[in-house]
Amino acid sequence: TRLMGIIGDPISQAKTPQAINPIFAAKAADIVCVPLHVPTDDLGTVWAGLKAMPNLIGFGVTLPHKQMVPQLCDSLDPLAERIGAVNVVRREQDGSFRGYQFDGQGFVRGLTAQGVVLQGRDALMIGAGGAAVAIAFALQQAGVARLVVANRTFEKAEALARAVNEATGTAFAAAGAPTPAPRQLLINATSLGLNDTDPLPLDVSTLQAGMTVAEVIAKPEITALLRAAEQRGAAIHSGIHMITGQVSLIADHMIEALG
Ligand code: NDP
């Protein structure tokens with residue numbers, strides 16, 4: 001049996017083991033995922049221990065370790081390097097630890113698994129933090145035609161659009177206002193919506209039927225934005241699907257390492 005961990009502090013909130021173990025079982029993959037409580041001060045010590053266990057296939061990384069882990073990895077997937085954060089580490093064939101980032105691809109898989117078509121679509125994303133950066137790159141890879149990035153701190157939206165365009169050699173992204181167009185895919189990639197008292201990320205009177213409104217927030221499952229979008233006839237997509245998408249990608253990624 002191969003062991004997959006998930007490291008974080010705290011760790012009791014992590015739902016990855018409950019979600020991924022049934023996938024391993026269904027695919028007859030002899031892997032078991034367990035939560036590992038790793039305080040920041042002990043990350044280096046634990047890292048050496050994880051490395052020394054040959055049957056450890058890899059681990060998920062959650063708060064507060066996502067930004068520290070890239071420095072510990074032996075190598076980084078180009079996307080994780082660009083984003084500067086790792087949420088999965090896998091033991092490669094040569095025994096080295098390689099860091100990956102599945103936030104963006106998980107978001108895309110969550111959308112497509114629900115039948116949302118991305119190819120050729122125009123998108124507006126609000127937010128330019130860690131999750132937004134990962135999603136912007138993943139949308140480009142998934143064939144979205146054009147992306148407008150809106151953010152409270154406008155310079156961050158400009159920097160994100162520039163980074164995606166430079167990395168992909170395209171004019172895919174531009175910074176702009178949070179005003180969706182008819183039939184557009186609208187993504188809330190801010191943390192607004194986590195709390196009941198949060199303001200809405202945009203003027204919801206601009207939402208209409210024909211749009212798809214997608215969230216990164218998974219709890220609450222239906223945010224005030226999604227409620228307003230549904231009332232105005234738009235299709236809605238909860239942040240839960242981003243988690244489901246990621247778990248299924250990570251399961252495939254670990255199973256691939258079984259060889
Ligand atoms: P960051 O802190 O990196 O970014 C936060 C973003 O929210 C920034 O764009 C920030 O704008 C914006 N923001 C925060 N407060 C306000 C406000 N009061 N008004 C306007 N804009 C605001 O966070 P992450 O990108 O890492 O995470 C964002 C959300 O994504 C989190 O809520 C997290 O729960 C969710 N997430 C969900 C995942 C899933 O699998 N479902 C995975 C990863 C994240 P500014 O730049 O101006 O500060």
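Helices (H or I, at least four residues) and strands (E, at least two) are taken here as DSSP runs, numbered from the N terminus. The model is a predicted one, so local features need pLDDT of at least 70 and side-chain atom pairs count only at pLDDT 80 or more, while totals for chains, interfaces and linings use all residues. Residues are numbered from 1 along each chain as its sequence is written, and side-chain values use heavy atoms, with hydrogens and water left out.

A handy place to start is Thr 197, which sits in the loop between strand E10 (185–188) and strand E11 (212–215). Thr 197 counts as exposed, with 72% relative accessibility; the cut-offs are under 20% relative accessible area for buried, over 50% for exposed, and partly exposed in between (1.4 Å probe, protein chains only).

Next come the salt bridges, each being a side-chain nitrogen of Lys or Arg within 4 Å of a carboxyl oxygen of Asp or Glu. The whole structure has seven of them. One of these joins Asp 74 to Lys 51, at 2.9 Å from N to O. Asp 74 belongs to the loop between helix H3 (69–72) and strand E4 (75–76) and Lys 51 to helix H2 (residues 43–51), so this pair ties together parts 23 residues apart in sequence. Both ends are partly exposed: Asp 74 has a relative accessible area of 46%, and Lys 51 one of 31%.

Lys 66 and Asp 103 make another salt bridge, with their closest N and O atoms 3.8 Å apart. Here the loop between strand E3 (56–61) and H3 supplies Lys 66 and helix H5 (residues 103–113) supplies Asp 103, so parts 37 residues apart in sequence are tied together. Lys 66 counts as buried at 19% relative accessibility, and so does Asp 103 at 10%.

A further salt bridge pairs Asp 252 with Arg 109, the closest N and O atoms lying 3.2 Å apart. This one links distant parts of the chain, with Asp 252 in helix H9 and Arg 109 in helix H5, 143 residues apart. Asp 252 is partly exposed, at 29% relative accessible area, and Arg 109 is partly exposed at 29%. Together with Lys 27, Arg 109 and Asp 252 are linked in a network of salt bridges.

As for H9 itself, this helix covers residues 240–257. Its buried residues include Met 242, Val 247, Leu 249, Ile 250 and Met 254. After H9 comes Gly 259, with a positive phi near 75 degrees.

Key. Expected span 1.5 Å × (residues − 1).
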